[in-house]
Amino acid sequence: MKKRVLLLLPLFLGACSNSGESPVIKIEKLYVKADSDTDSAKEEDYANKMDELPALKVGDKVNAFLLLDGNGAELKTFKLQKDNDETLATKLVYQKTEVSTEGNLTDEEKGQLRFKDGVTQTRVMVHATIEHVDKNGDVRLEFYLSSKAECEGAQEEIGLKTKVDDEKE
């Protein structure tokens with residue numbers, strides 16, 4: 001019996017990938033608000049040019065506008081994962097009517113959302129503020145999305161370069 005199950009396993013794994021039901025995280029807009037040397041803050045969309053992101057320092061802000069799509073399946077869970085909790089302060093902005101408040105499945109402080117039944121697509125905005133920078137201080141914002149389909153979840157990452165502000169040391 002075990003051998004039969006092992007032989008059928010690739011069929012089940014392939015069924016998910018061929019049907020296109022895996023959820024998708026799309027970075028629609030990525031705004032970085034960095035104070036320039038001229039003391040005026042400038043904000044630019046880097047969604048399609050992430051390799052051009054400027055090096056950020058303490059106090060700089062990043063706003064990521066994400067489209068979460070279940071690809072036909074209902075969304076289950078969204079999770080914001082950070083490298084180091086001391087480096088970034090984050091806040092999620094989302095449709096309150098689409099997120100479950102039952103139990104402890106949704107925890108904004110931990111960056112975790114659990115969606116209500118019937119939600120197949122939504123948008124989430126992630127506000128991040130650089131709070132601490134060290135010499136090798138590149139940080140990442142990582143996102144994970146799962147759906148109720150029997151498929152693997154989606155992962156997306158935004159790499160942020162940081163620099164130590166010499167004037168404050």
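1. The accessible surface of the chain comes to about 10,900 Å², with areas taken from the Shrake-Rupley method with a 1.4 Å probe. Carbon and sulfur atoms account for 46% of this surface. Buried residues (under 20% relative accessible area) make up 33% of the 169 residues.

2. This is a predicted model, in which local features need pLDDT of at least 70 and side-chain atom pairs count only at pLDDT 80 or more, while totals for chains, interfaces and linings use all residues. Residues are numbered from 1 along each chain as its sequence is written, and side-chain values use heavy atoms, without hydrogens and water.

3. The chain has one helix and nine strands, taken as DSSP runs (helices H or I, at least four residues; strands E, at least two) numbered from the N terminus.

4. Strand S7 (residues 121-130) runs antiparallel to strand S3 (residues 61-69), to which nine bridges join it; pairing requires at least two DSSP bridges. Leucine 68 stands opposite threonine 122 in S7. Strand S5 (residues 88-93) is also antiparallel to S7, through six bridges, and threonine 90 stands opposite alanine 128.

5. The largest nonpolar core has 35 residues, being a set of buried Ala, Val, Leu, Ile, Met, Phe, Trp, Tyr and Cys residues joined through side-chain atoms within 4.5 Å. Phe78 and Leu160 have the most contacts inside this core. Strand S1 (24-35) gives the most to the core, with five residues.

6. Beyond its neighbours within four places in sequence, leucine 160 is in contact (heavy atoms within 4.5 Å) with residues including Leu53, Val62, Leu88 and Ile130.

Terms used:
Buried means under 20% relative accessible area, exposed over 50%, partly exposed in between (1.4 Å probe, protein chains only).
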